[in-house]
Amino acid sequence: MSDRIRILVADDHAVVRKGLQALIGTEDGMTIIGEAENGRDAVSLAMELKPDVVLLDLKMPFLSGVEVIRKIRDAGLPSKILILSSFADDDSVLPAIKAGALGYLLKDSSPGDLIAAIRTVGRGESSLAPSIALKLVREVRDPQGGASQAESLTDRELDVLERMARGLTNQEIAADLEIAERTVRNHVGHILDKLGLTNRTQAAVYALRQGIAVLDDKKTSD
């Protein structure tokens, strides 16, 4: 990915697309390269433009957001998916994360939170609204063999996974553990392979679910 984050916006409401264009247009280091008003166009434009980040609504005509994610993943595109939705119910959140979304924000999030989430997801790291993170921890069921999968991780990989679940970036993890950032990236790759997961968001949820890390409810709700 270049220093400038190239974004595809997919939302069936023109006023939302225009609002995002106005907001993101004021930010250095990011630009909207395309807009889609339905899921079918979102997939087509993603294939053509290969954006760094797809800012995606879940409820759209022709193809749902989850279907869009699956088609982008199946095509092997490197684009990162950030969901921006009005819906926080289980039937919306869980399928999107399982399909491969790296981030999930609600449409009542602040502009600052949205810009920060775009940058975070653009780096390939997870960004979840606090309420979404808590929902995932409380609602997602343990995968079969989850405990044995955790036992396959080394002590250092567990250290990295715990910090991933707390939302630290690779750079922050490297500083905290006094290791190279490249080493952190290697550990993250090994963690995902061993746990059979596809991205950092799923790894963070796994860590919280297994008790490898603890999410502070009080801190999250501040």
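**Helix packing, a salt bridge and a pocket**

Tutor: Start with two helices: the axes of H9 (residues 170–177) and H10 (residues 181–195) come within 8 Å and cross at roughly 110 degrees. Keep in mind that this is a predicted model.

Student: How is H9 placed relative to H10, roughly perpendicular or roughly parallel?

Tutor: The crossing angle is roughly 110 degrees. Angles from 65 to 115 degrees count as roughly perpendicular. So H9 against H10 is roughly perpendicular.

Student: How many charged residues does the contact of H9 with H10 have?

Tutor: H9 brings Asn170, Gln171, Ile173 and Ala174. H10 answers with Glu181, Val184, Arg185 and Val188. By class, four are nonpolar and two polar, and the charged residues number two.

Student: What is the arrangement of H1 and H5?

Tutor: The axes of H1 and H5 are 11 Å apart, and the helices pack at about 75 degrees. That angle falls in the 65 to 115 range. So the arrangement is roughly perpendicular.

Student: Which class do the residues in the contact of H1 with H5 belong to?

Tutor: H1 gives Leu20, Leu23 and Ile24. H5 gives Pro111, Leu114, Ile115 and Ile118. With no polar and no charged residues, the contact has seven that are nonpolar.

Student: How far apart in sequence are the parts that the Asp11 and Lys107 pair ties together?

Tutor: Asp11 and Lys107 form a salt bridge, with their closest N and O atoms 2.8 Å apart. Asp11 lies in the loop between strand S1 and H1, and Lys107 in the loop between strand S5 and H5, so the parts tied together are separated in sequence by 96 residues.

Student: Which elements give two or more residues to the lining of the second largest pocket?

Tutor: That pocket has a volume of about 240 Å³. Its lining has 13 residues, with Lys80, Leu102, Gly124, Thr198 and Asn199 nearest the centre. They divide into four nonpolar, five polar and four charged. The elements giving two or more are strand S4 (80–85) and H10.

How values were computed: Residues are numbered from 1 along each chain as its sequence is written. This is a predicted model: local features need pLDDT of at least 70, side-chain atom pairs count only at pLDDT 80 or more; totals for chains, interfaces and linings use all residues. Side-chain values use heavy atoms; hydrogens and water are left out. Axes are lines fitted to C-alpha atoms, for helices over the stretch in contact, and angles run from 0 to 180 degrees between N-to-C directions. Helices (H or I, at least four residues) and strands (E, at least two) are DSSP runs, numbered from the N terminus. Angles under 35 degrees count as roughly parallel, over 145 as roughly antiparallel, 65 to 115 as roughly perpendicular and the rest as oblique. Contact means heavy atoms within 4.5 Å. Ala, Val, Leu, Ile, Met, Phe, Trp, Tyr, Cys and Pro count as nonpolar, Asp, Glu, Lys and Arg as charged, and the others, Gly among them, as polar. On a 1 Å grid over the protein atoms alone, a cavity is a set of points where a 1.4 Å probe fits but cannot get out, and a pocket is an open set with protein on both sides within 12 Å along at least five of seven lines; lining residues have an atom within 4 Å of a point. Grid points are joined across faces, edges and corners, and a volume is the space filled by probe spheres set on the points. A salt bridge is a side-chain nitrogen of Lys or Arg within 4 Å of a carboxyl oxygen of Asp or Glu.
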